[in-house]
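Try each task before you read its solution.

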Amino acid sequence: MSPDEPLVATLVYVEHHEGEPVRGALGVVSKAADLGDDVTAVLCGPGVSEFASSIGGYGAGRVLVADDPALADPVPQPRVDVLEQVVRDQGFDTVLFAASVLTADIAAALAARLDAGLNWDLVDLERADGRLVGKRPALQDSILVDVGWKRDPSLALIRSGTFEPVAKGGDAAVQKIPVEVEEWSAQTVMLEQAHEERSGPSIEDADVIVAGGRGLGSPDNFSLLEELARALGGAVAATRAVVDAGWYPYAAQVGQTGRTVSPKLYVACGISGAIQHKVGMQGSGTIVAINKDPHAPIFEYADLAVVGDLHEIIPRLTELVRQRKAA
Amino acid sequence: MLAPVKIAVCMKEVPDASATKRIDPQTLRLDRSGDGTLNEFDTHALEEALRVKDASSETEVVVVSMGPGKAMDSLRKALAMGADRVVLVTDEAAAGSDLIATSKVLAKALERESPDLIVLGQQAGDSDGAVLWAALADRLRLPMISQAASLELREGKARSKRQTEYGYDVIEAALPCVVAVSDAINEPRYPSLKGIMGAKKKPQETVSLVDLGLAGDEVGAAGSRTEVYALGEPAARGETQRIEDEGDAAEKIIEYLSARKIL
Ligand SMILES: Cc1cc2nc3c(=O)[nH]c(=O)nc-3n(C[C@H](O)[C@H](O)[C@H](O)COP(=O)(O)OP(=O)(O)OC[C@H]3O[C@@H](n4cnc5c(N)ncnc54)[C@H](O)[C@@H]3O)c2cc1C
Ligand SMILES: Nc1ncnc2c1ncn2[C@@H]1O[C@H](COP(=O)(O)O)[C@@H](O)[C@H]1O
């Protein structure tokens with residue numbers, strides 16, 4: 001881009017939780033600033049004005065605040081109304097989101113509203129010859145695809161944990177924006193809102209993690225993993241499928257909506273290896289996967305792929321580990 | 001309204017897991033010519049609808065899909081499980097549709113049905129988007145709940161528990177609404193022999209874009225707002241060593257870990 005070309009106007013939706021902007025979203029702000037864009041952040045929810053200017057420190061020149069009680073529940077649709085208006089009024093070229101349960105819904109609905117393109121699960125962004133290019137791992141991360149947008153605005157969801165926030169210092173100008181929520185958008189209400197559930201075992205500090213998924217067959221079989229974990233001196237973790245089913249506590253969940261872990265050894269048992277699970281454990285030193293399906297996606301990124309029945313392998317493995325430790 | 005009278009379930013055919021998935025280097029699209037199978041995640045959506053039908057016999061469950069004509073073979077499994085009929089939007093011009101184009105087509109097909117409840121799966125195994133419902137709900141101007149780990153229908157409302165990054169929410173939306181379910185919500189039933197036999201006789205409608213009042217350039221590659229520029233290789237992550245268990249897998253795992261001084 002030549003120096004006299006106008007800067008690309010980028011809007012970053014910044015999600016917040018319990019009075020703080022989320023890390024991932026700040027990471028996206030920093031990335032957008034690195035691209036050389038004119039970065040504006042937008043915050044939605046009552047009370048967001050209080051911490052809005054701090055986002056300037058991560059690279060946003062301006063922060064728009066939709067500080068309104070109508071946005072109290074973290075549900076997507078009222079936010080789509082607000083963002084549609086902002087994008088139409090201020091004409092952003094790009095709208096970026098750090099992927100989460102909330103932002104994925106906002107981004108896709110906004111795309112429909114604006115008849116705009118949305119690319120998801122991006123692990124990098126660059127500007128090449130004046131156009132935005134997203135890097136998206138596809139087909140179980142077996143291939144990296146360059147994706148683009150045919151017209152503005154270009155909407156993108158960035159895979160969780162992709163960009164680190166970089167504190168550069170500085171304050172942003174804070175500007176209030178109008179909040180008008182359509183009647184049908186306000187039809188979804190949150191009766192109970194999630195708060196950090198920190199009870200249960202801590203898996204983030206463990207050197208060894210033995211993780212279980214639906215392949216365990218029943219909640220009782222977690223005892224097999226607990227025994228192996230004890231023998232290895234590690235902790236037990238789980239997938240969302242089994243946490244959702246009530247087999248194991250949420251605090252032990254690894255993945256996009258759970259914890260991010262990087263133990264020296266990760267033993268995945270009866271886990272298919274969905275991308276949303278992978279993002280929480282791909283930093284592990286050595287990944288051993290036991291799965292009876294030879295096509296299980298987890299084998300694509302395991303160091304040791306063991307095709308077999310975990311019910312036979314795990315008890316024997318526990319016994320062998322114990323023997324070694326005793327010797 | 002006691003129970004939803006009509007439930008639409010969005011389901012799609014995806015390439016079979018055993019087939020090597022590939023993106024055609026010419027078209028830069030997923031090669032869908034090989035064996036297809038019903039997207040596993042969508043069978044959870046169907047199961048949830050069938051449970052409502054089990055409890056209230058007036059409920060009709062209609063499967064709505066977009067895909068190549070041969071997708072009907074996979075969708076027949078939904079009929080065998082208990083769905084009443086299938087509407088498959090199939091049209092050359094729809095090929096290569098991205099999120100924006102797909103949601104346009106499915107929204108039209110759903111408008112024709114005007115269901116009391118629309119259920120989707122957690123993600124399509126090929127695109128891993130996990131976003132379509134939100135675009136659909138917006139086009140249909142309906143409230144939505146995603147990632148539902150439970151679904152209760154009461155007094156004209158849908159209520160779900162669902163996981164976010166912070167734990168569990170409870171959300172409620174008035175019917176008609178769009179609900180996307182987590183794959184942990186239920187254990188999908190297997191089709192019975194009777195179900196399989198009966199499936200062939202159930203209505204299997206294919207509709208074209210014209211039937212839906214859509215022009216070819218609104219959908220497919222022409223109507224898409226995103227594109228694929230190039231295919232590349234992901235960062236290499238080292239070799240995967242493979243073991244097929246022949247009764248000695250545990251020994252081999254120990255060997256592997258000791259050789260790398262992990263044990
Ligand atoms: C927005 C969003 C966020 C998500 N966040 C997360 C997250 O944080 N963490 C997460 O884990 N998931 C998350 N998911 C869900 C994810 O997509 C998968 O649905 C989930 O990880 C699957 O869990 P699983 O591997 O236990 O179950 P399944 O996919 O059902 O896999 C079970 C595996 O067990 C194998 N198996 C069965 N029996 C045996 C046996 N006897 N021996 C050996 N193997 C056996 C099967 O072959 C299969 O591969 C998220 C999804 C979405 C849409
Ligand atoms: N072509 C399609 N036809 C019908 N339903 C679809 C189609 N594509 C996606 N879906 C539905 O949308 C859900 C999410 O898909 P996606 O956002 O593409 O991952 C799937 O689980 C299906 O229920």
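**Exercise 1. Find which residues of α1(A) are buried, and what they pack against.**

Step 1. Take burial first, where buried means under 20% relative accessible area, with a 1.4 Å probe and protein chains only. The buried residues of α1(A) are A25(A), L26(A), G27(A), V28(A), V29(A), S30(A), K31(A) and A32(A). Helices here are DSSP runs of H or I with at least four residues, strands are E runs of at least two, and both are numbered from the N terminus.

Step 2. Look for contacts, meaning heavy atoms within 4.5 Å. The buried residues pack against six strands of chain A, namely β1 (9-13), β3 (20-21), β4 (38-44), β6 (94-98), β8 and β11 (154-158).

Step 3. Check the helix itself: α1(A) covers residues 23-34, 12 residues in all, and reaches 17 Å from its first C-alpha to its last. That is close to the expected 16 Å, a span worked out as 1.5 Å times one less than the number of residues. After the helix comes G36(A), with a positive phi near 90°.

A word on the ground rules: this is a predicted model, in which local features need pLDDT of at least 70 and side-chain atom pairs count only at pLDDT 80 or more, while totals for chains, interfaces and linings use all residues. Residues are numbered from 1 along each chain as its sequence is written, chains are lettered from A and ligands numbered from 1 in the order in which they are written, and side-chain values use heavy atoms, leaving out hydrogens and water.

**Exercise 2. Work out the strand order of the open sheet of four strands, and name its edges.**

Step 1. Strands pair if DSSP finds at least two bridges between them. The order is β8(A)-β9(A)-β10(A)-β13(B), with antiparallel pairing.

Step 2. β8 (124-128) of chain A and β13 (226-232) of chain B each have a single partner strand, so one side of each has no neighbour in the sheet. On average, neighbouring strands are turned by 30° against each other, direction ignored; axes are lines fitted to C-alpha atoms, for helices over the stretch in contact, and angles run from 0 to 180 degrees between N-to-C directions.

Step 3. Zoom in on one pair: five bridges join β8(A) to β9 (residues 131-138) of chain A, and R127(A) has L132(A) as its bridge partner.

**Exercise 3. Locate ligand 1 and list its polar contacts with V254(A), S272(A) and Q122(B).**

Step 1. Ligand 1 lies between chains A and B. Surrounding it are 31 residues, each with a heavy atom within 4 Å.

Step 2. Polar contacts are pairs of N or O atoms within 3.5 Å. A polar backbone atom of V254(A) is 2.7 Å from a nitrogen atom of the ligand. Oxygen atoms of ligand 1 lie 2.6 Å from a polar side-chain atom of S272(A) and 2.9 Å from a side-chain N or O atom of Q122(B).

Note on methods
Buried < 20%, exposed > 50% of the residue type's maximum accessible area, 1.4 Å probe, protein only. Polar contact = N/O pair within 3.5 Å; in protein donor to acceptor, adjacent residues only side chain to side chain.
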